Amino acid sequence: MGMRVLVAEDFEVLATAVATGLRREGMAVDVVLDGDEALESLAVTRYDVVVLDRDLPGTHGDEVCRQIVAGGTGSRVLMLTAASTVADRVDGLAIGADDYLPKPFDFAELVARVRALARRSAPAVPPVLAAGSVSLDPARRAAFRSGRRLELSPKEFAVLECLLAADGRVVSTEELLERVWDAEADPFTTAVKTTMRRLRLKLGSPPVIHTFREGGYRIGDQA
């Protein structure tokens with residue numbers, strides 16, 4: 001499935017840079033600048049990973065973390081903090097954070113940590129997803145049609161992963177927007193149709209993605 005991340009960080013320049021970098025990795029990212037906004041977003045959206053600055057204004061990062069854990073949604077928390085002492089690290093993990101990264105941090109390290117946490121957050125899926133002649137290996141970031149490797153953009157890959165993970169179920173446009181894009185996506189956007197058209201072209205014939213009148217898509221050899 002697509003990876004949904006919430007970045008809660010009050011230093012806007014850093015928050016924007018982190019979000020831009022994670023989006024480049026194919027993740028859907030929402031950004032909030034204080035703890036109150038973080039709790040509002042968490043109330044309406046299920047995130048795989050929350051990148052959480054510990055010293056947030058409004059509701060403190062520690063309290064946001066406690067509420068995430070108490071909510072039982074399975075969201076994983078990567079806590080960012082300027083403090084780098086062992087005692088602070090132990091504190092952060094004691095209140096339920098899954099991982100901890102002191103500032104300043106290396107961006108590649110942040111991405112690796114987020115990916116590792118997202119794997120723990122997601123329900124178990126087969127190592128390779130498949131439907132008929134189409135297969136996708138999430139770990140290798142590789143997709144194939146009849147043994148031919150497909151050159152897909154991050155969004156096309158994420159859409160295909162969503163369809164295959166649905167295991168024959170019809171996936172709505174709204175669900176694709178929520179899993180693959182983010183809160184910035186306009187619900188009336190043509191992004192899903194445009195990405196789907198490109199994906200179908202790359203998959204080739206015979207067609208394997210079928211459109212349903214109610215606004216959904218299903219993957220399989222049979223319509």
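The model is predicted, so to speak of local features a pLDDT of at least 70 is needed, and side-chain atom pairs count only at pLDDT 80 or more, while totals for chains, interfaces and linings use all residues. Residues are numbered from 1 along each chain as its sequence is written, and side-chain values use heavy atoms, with hydrogens and water left out.

Let's start with the parallel sheet. Strands of a sheet pair through backbone hydrogen bonds, either parallel or antiparallel. Here, an open sheet of 5 strands runs in the order E2-E1-E3-E4-E5, with parallel pairing (strands count as paired if DSSP finds at least two bridges between them; helices, H or I with at least four residues, and strands, E with at least two, are DSSP runs numbered from the N terminus). Strand E2 (28-32) and strand E5 (99-102) sit at the edges with a single partner strand each, so one side of each has no neighbour in the sheet. On average, neighbouring strands of this sheet are turned by 20° against each other, direction ignored (axes are lines fitted to C-alpha atoms, for helices over the stretch in contact, and angles run from 0 to 180 degrees between N-to-C directions).

Zooming in on the pairs, strand E1 (residues 4-8) and E2 run parallel and are joined by 5 bridges, with Ala 8 partnered by Val 32 in E2. E3 and E4 also pair in the parallel sense, over 5 bridges, and Leu 52 stands opposite Met 79 in E4. In strand E4 (residues 76-81), 5 of the 6 residues are buried, so it is largely enclosed by the rest of the structure (buried means under 20% relative accessible area, exposed over 50%, and partly exposed in between, with a 1.4 Å probe and protein chains only).

Now for a helix on this sheet. Helix H2 (residues 35-44) lies across E1, E2 and strand E3 (49-53), running at about 165° to E1. Gly 35, Ala 38 and Ser 41 of H2 are buried. Seen down the axis of H2, its buried residues fall within an arc of 120°, so they line one face of the helix (the arc is that of the directions from the helix axis to the C-beta atoms). E1, E2 and helix H3 (61-71) are among what covers these buried residues (contact means heavy atoms within 4.5 Å). The face of H2 turned away from its buried side carries the exposed residues Glu 40, Ala 43 and Val 44.

The antiparallel sheet comes next. An open sheet of 3 strands has the order E10-E12-E11, with antiparallel pairing. E10 and strand E12 (residues 216-219) are joined by 2 bridges, and Ser 172 has Gly 216 in E12 as its bridge partner. Helix H8 (residues 191-203) lies across E11 and E12, at about 150° to E11.

Finally, the cores. Leu 160, Met 196, Ile 209 and Ile 219 touch the most other members of the largest nonpolar core, which has 28 residues (a nonpolar core is a set of buried Ala, Val, Leu, Ile, Met, Phe, Trp, Tyr and Cys residues joined through side-chain atoms within 4.5 Å). H6 gives the largest share of this core, 7 residues. Apart from this core lies another, of 20 residues, including Met 27, Val 49, Leu 78 and Ala 118.
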